[in-house]
Amino acid sequence: MATLPGFSGVAGAVADEGEILVTNRGSANLAWVDAATFETKAVLKTGARPNGAAIVKRRSLGIVACIGDERETPSLHAFGLSDHKQVSIDLPGRPRWCVTDAEAKRIFLCIREPSMVLVAGLPDLSQIAEWRLPSGGAHGLDIDHSRGRLYAACDDGALVELDSTSGEVANVWSIAGAPDVTFFNPATGRVHVAIGEPGLVETIDPRTGTAIQTITGGGAHTTALVIPDQLYVISPKHGGILVLADA
């Protein structure tokens, strides 16, 4: 459909109701893109090496977690997309992926080390809690709004289920390797974890603990879920995109 230039060192993209936020590590900014026209509506300055992001269109809110560098500490930023007002806080470690609760009153953010889910209030980023995880290297993250459960995939080879209100650990399942993008599908109730090495998607049903592995290819760790039933996997080995059916 289109190839969009000008996104320096692009790290991630999130979308909500026709609005897209793109994190650009190479230029330390966040681009706000219209999904219908592909036009950039605004470019917002962030901390060094922006990475995971979240967007809530109904609240005109964008959130981005920045890794930092030798001059800047890791940080979390919240932007008003309509007025471009920004607030930020320092983080206790390198951030990974983040999600909001159903009301967009809280942001949940994976921190690699010490391995935890950091919880902050929105839109002011008032710090609420730090929930330590029983597995190292918190990485991929998604949420089941209906059951109030967070799913954090960790580099040490585990998927951790947390209560999204209390932070209590409900379950821990082994996975086949260090994860990246993690999705919960509300249509099927299953969690999909992309694992670049050895190259597979680990699918776990939290209700039964049943796990299925779908072989993809080495280096295939970026995915996109299209509810209700399709998971797209970017596969360097195949030079394209694999389409998996979540059914």
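This is a predicted model: local features need pLDDT of at least 70, side-chain atom pairs count only at pLDDT 80 or more; totals for chains, interfaces and linings use all residues.
Local features in the model were considered at pLDDT of at least 70 and side-chain atom pairs only at pLDDT 80 or more, whereas totals for chains, interfaces and linings use all residues. Residues are numbered from 1 along each chain as its sequence is written, and side-chain values rest on heavy atoms, with hydrogens and water left out.

Secondary structure follows DSSP runs, numbered from the N terminus, with helices (H or I) of at least four residues and strands (E) of at least two. Strands are taken as paired if DSSP finds at least two bridges between them. By this criterion, strand 14 and strand 15 are antiparallel partners joined over 6 bridges. The two form a hairpin with 3 residues between them, and Gly157 in the turn has a positive phi of about 95°. Cys154 is placed opposite Ala158 of strand 15. On its other pairing, strand 15 runs antiparallel to strand 16 and is joined to strand 16 by 5 bridges. Here Ala158 stands opposite Ser174 in strand 16. The hairpin of strand 15 and strand 16 has 5 residues between the strands, and Gly167 adopts a positive phi near 80°. Burial was assigned from relative accessible area (buried under 20%, exposed over 50%, partly exposed in between; 1.4 Å probe, protein chains only).

Nonpolar cores were defined as sets of buried Ala, Val, Leu, Ile, Met, Phe, Trp, Tyr and Cys residues joined through side-chain atoms within 4.5 Å. The largest such core comprises 18 residues, of which Phe108, Val117, Trp131, Leu133, Leu141, Leu150 and Leu162 touch the most other members. At least two residues of this core come from each of strand 9 (95-100), strand 10 (106-111), strand 11 (116-121), strand 12, strand 13, strand 14 and strand 15. Apart from this core lies another, of 17 residues, including Ile63, Ala65, Ile89 and Cys98. Contacts were counted between heavy atoms within 4.5 Å. Residues up to four places away in sequence being excluded, Leu150 touches Val99, Phe108, Val117, Trp131, Leu141, Asp142, Ile143, Val160, Glu161, Leu162 and Ser164.

Two loop serines were also examined. Ser164 is located in the loop between strand 15 (158-163) and strand 16 (169-174), and its relative accessible area of 6% classes it as buried. Beyond residues up to four places away in sequence, Ser164 contacts Arg106, Phe108, Trp131, Ile143, Gly148, Arg149 and Leu150. Ser135 occupies the loop between strand 12 (127-132) and strand 13 (138-144). With a relative accessible area of 8%, Ser135 is likewise buried. Neighbours within four places in sequence aside, the contacts of Ser135 are Ser115, Cys154, Asp156, Gly157, Ala158 and Val160.

Aromatic pairs were identified between rings of Phe, Tyr and Trp (its six-membered ring) with centres within 6.5 Å; planes under 30 degrees apart count as stacked, over 60 as edge-to-face and the rest as tilted. The structure contains 2 aromatic pairs. In one of them, the ring centres of Tyr151 and Phe184 are 5.9 Å apart and the planes lie at 15°, so the pair is stacked. Because Tyr151 belongs to strand 14 (residues 149-154) and Phe184 to strand 17 (residues 179-185), the pair ties together parts that are 33 residues apart in sequence. Tyr151 and Phe184 are both buried.

Salt bridges were assigned where a side-chain nitrogen of Lys or Arg lies within 4 Å of a carboxyl oxygen of Asp or Glu. The whole structure holds 11 salt bridges. Asp163 and Arg149 form one of them, with their closest N and O atoms 3.3 Å apart. Asp163 lies in strand 15 and Arg149 in strand 14, so this pair ties together parts that are 14 residues apart in sequence. Asp163 is partly exposed, at 21% relative accessibility. A salt bridge also links the side chains of Asp101 and Arg106 (3.2 Å, N to O). Asp101 is buried at 8% relative accessibility, and Arg106 is buried at 18%. The side chains of Asp205 and Arg207 form a further salt bridge (2.9 Å, N to O). Here Asp205 is buried at 13% relative accessibility, whereas Arg207 is exposed at 53%. Finally, a network of salt bridges connects Glu19, Lys41 and Lys57.
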